[in-house]
Amino acid sequence: QVQLVESGGGLVQPGGSLRLSCAASGSSFSIYTMGWYRQASGKQRELVAAITSGGITDYADSVQGRFSISRVNAKNTVYLQMNSLKPEDTAVYYCNAELNTWRWWGQGTQVTVSS
């Protein structure tokens, strides 16, 4: 069982920045594909960004150029740097770990972008 704990969410003004962190338990973090998903009120959960064990990244079109995903395997942690935030980025953000057919989810952290 892999436990994922997100942190760093909060209230930020449009155009501002925020960095989310996800700390994972276990000894196999380095081989997982890690991802960030988000779910806005009344909408389905969607992939925001992902990073493979080899460091290959993928982003949703809506955040391309504004968000950056990274990982520090020595800390069992994945980050999501969010810049130029927009009100439409408001959502609960979830951390995800994946290894073949195995998947684990964090509890989520609220991000609210509002003036």
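Modeller: One cut-off before we start: a residue is called buried when its relative accessible area is under 20%, exposed when over 50%, and partly exposed in between. Also, this is a predicted model.

Colleague: Fine. Is cysteine 95 buried or exposed, then?
Modeller: Buried. Cysteine 95 has 0% relative accessibility, so it falls under that cut-off.

Colleague: And which residue does the disulfide join to cysteine 95?
Modeller: Cysteine 22. The S to S distance is 2.0 Å. Cysteine 22 is buried too, at 0% relative accessible area.

Colleague: How many disulfides does the structure hold?
Modeller: 1.

Colleague: What is the hand of the link between cysteine 22 and cysteine 95?
Modeller: Left-handed. The angle about the S-S bond is -85°.

Colleague: Which parts does the pair tie together?
Modeller: Cysteine 22 sits in strand 3, residues 18–24, and cysteine 95 in strand 9, residues 91–99. The link therefore ties together parts that are 73 residues apart in sequence.

Colleague: Step back a bit. How many helices and strands does the chain have?
Modeller: 0 helices and 11 strands. From the N terminus on, the elements read β-β-β-β-β-β-β-β-β-β-β.

Colleague: What is the radius of gyration of the chain?
Modeller: 13 Å. A compact globule of 115 residues would be near 13 Å, so the chain agrees with that. The C-alpha trace spans about 40 × 25 × 20 Å along its principal axes.

Colleague: What share of the residues is buried?
Modeller: 42% of the 115 residues in the chain.

Colleague: What about contacts? What share of those with a separation of 6 or more comes from residues 24 or more positions apart?
Modeller: 53%. Tyrosine 94 has several contacts beyond its sequence neighbours, so let's look there.

Colleague: Where is the place of tyrosine 94?
Modeller: In strand 9. Tyrosine 94 is buried, at 13% relative accessible area.

Colleague: How far apart are glycine 108 and valine 5 in space?
Modeller: 7.8 Å, C-alpha to C-alpha. Along the sequence glycine 108 and valine 5 are 103 residues apart.

Colleague: On to strand 11. Is valine 111 buried or exposed?
Modeller: Buried, with a relative accessible area of 0%. Valine 111 is found in strand 11. Beyond its neighbours within four places, its contacts include Gly9, Gly10, Leu18, Leu20 and Met82. Asp89, Thr90, Ala91 and Tyr93 are also among the contacts of valine 111.

Colleague: Now backbone angles. What is phi of asparagine 76?
Modeller: Near 50°. That is a positive value in a residue other than glycine. Asparagine 76 lies in the loop between strand 7, 67–72, and strand 8, 77–82. Asparagine 76 is buried, at 16% relative accessibility.

Colleague: Which residues does asparagine 76 touch?
Modeller: Not counting residues up to four places away, Cys22, Ala23, Ala24, Ser25, Gly26 and Phe29. Cys22 brings us back to the disulfide with cysteine 95.

Colleague: Last one. What is phi of serine 84?
Modeller: Near 50°, again positive in a residue other than glycine. Serine 84 is in the loop between strand 8 and strand 9. Serine 84 counts as partly exposed, at 41% relative accessibility.

Conventions
Residues numbered from 1 in each chain as written. Predicted model: local features only at pLDDT ≥ 70, side-chain atom pairs only at ≥ 80, totals over all residues. Heavy atoms only, no water. Disulfide = S-S within 2.5 Å. Helix = DSSP H or I, 4+ residues; strand = E, 2+ residues; numbered from the N terminus. Buried < 20%, exposed > 50% of the residue type's maximum accessible area, 1.4 Å probe, protein only. Rg over C-alpha atoms; globule rule 2.2 N^0.38 Å. Contact = heavy atoms within 4.5 Å.
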